[in-house]
Amino acid sequence: MKFSRSVLIKLLVVQCLAVLCVSQNFDFYYIVQMWPGSYCDTRQSCCYPKTGKPAEDFSIHGLWPNYNDGKYPQNCDRGNYFDESKISDLSSRLVKDWPTLACPSGDGFKFWEHEWEKHGTCSESILDQHSYFQSALDLKNKANLIQALNTAGIKPDGKFYSVESIKEAIKDSVGYEPYIDCNVDTSGNHQLYQVYLCVNASGTDFIECPVFPHGRRCGSEIEFPSFSSSRDEL
């Protein structure tokens, strides 16, 4: 089948626009880190991964593309399946910094598969699968939330701290204000659960958040629960 020159030009323009739309299909990322002590200290509880109890440190929940209006894309390319062979060189870092705490105990691959297929595919024109996971790992290390909080005297000791002091400690270290997400422990207390920081569309640097998520609200004082335990598994 032959096409006229004008038709070919139109087809090329449509293709170029399609690529451009994909590459600009989000405005920034949330890098979301979770405190495992708060995940486990709920009625739902948790299960340690097959590799053992994670370190007493924040762990990655995900790297999520978002729009400036607060909405977000998801499941953008159902044909781009998670392929664990593409991140084999990152496996030790993923086990350490992006562990699963869901029950039953797992090795992390279902968690990583979910994050890639729901969120990662929405930025695949900028970050391929390997780059997506490596960027999240690098951003976690760059933020170093546990050190930022410890430096400010805020420690996972089961005590209560003001939300503003937690935000200030992270902002002093990272340079940008975070969003703090809380959950509720078995006694009904609000506790530090997740920390959101915003990242530019290339996945390289922290930025001021264009918009904060609509998550669970915290009280003015929240618990920072311990994640130390004599139990090897739950």
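This is a predicted model: local features need pLDDT of at least 70, side-chain atom pairs count only at pLDDT 80 or more; totals for chains, interfaces and linings use all residues.
**Entry 1: the annotated site.** I looked up the UniProt record, an unreviewed entry, and found the feature "active site" placed at His61, Glu115 and His119. These residues are spread over 59 residues of sequence, yet they cluster in space, with a largest C-alpha distance of 11.3 Å. Of these residues, His119 is included in the lining of the largest pocket.

**Entry 2: Glu115.** I located Glu115 in helix α4, residues 109-118. Buried or exposed? Glu115 has a relative accessible area of 2%, and the limit for buried is under 20%, so Glu115 counts as buried. Leaving aside neighbours within four places in sequence, I listed its contacts as His61, Gly62, Trp64, Trp98, Gly120 and Tyr132. With Trp64, the side chain of Glu115 also makes a polar contact of 2.9 Å.

**Entry 3: His119.** I found His119 in the loop between α4 and α5. His119 is buried too, at 5% relative accessibility. Not counting residues up to four places away in sequence, His119 touches Leu63, Trp64, Pro65, His114 and Tyr132.

**Entry 4: helix α7.** I then turned to α7, residues 163-174, which has twelve residues. From first C-alpha to last, α7 reaches 16 Å, close to the 16 Å expected at 1.5 Å a residue. Which residues of α7 are buried? I noted Val163, Ile166, Lys167, Ala169, Ile170 and Val174. They cover an arc of only 160° around the axis, so they lie on the same side of α7. On the face turned away from that buried side I found the exposed residues Glu164, Glu168 and Asp172. After α7 comes Gly175, with a positive phi near 105°.

How values were computed
Residues are numbered from 1 along each chain as its sequence is written. Side-chain values use heavy atoms; hydrogens and water are left out. Helices (H or I, at least four residues) and strands (E, at least two) are DSSP runs, numbered from the N terminus. The expected span of a helix is 1.5 Å times one less than its number of residues. Buried means under 20% relative accessible area, exposed over 50%, partly exposed in between (1.4 Å probe, protein chains only). The arc is that of the directions from the helix axis to the C-beta atoms. UniProt positions are given in the numbering used here, feature names are shortened, and annotations may be inferred rather than shown by experiment. On a 1 Å grid over the protein atoms alone, a cavity is a set of points where a 1.4 Å probe fits but cannot get out, and a pocket is an open set with protein on both sides within 12 Å along at least five of seven lines; lining residues have an atom within 4 Å of a point. Contact means heavy atoms within 4.5 Å. A polar contact is a pair of N or O atoms within 3.5 Å; within protein, one must be able to donate a hydrogen and the other to accept it, and residues adjacent in sequence count only if both atoms are side-chain atoms.
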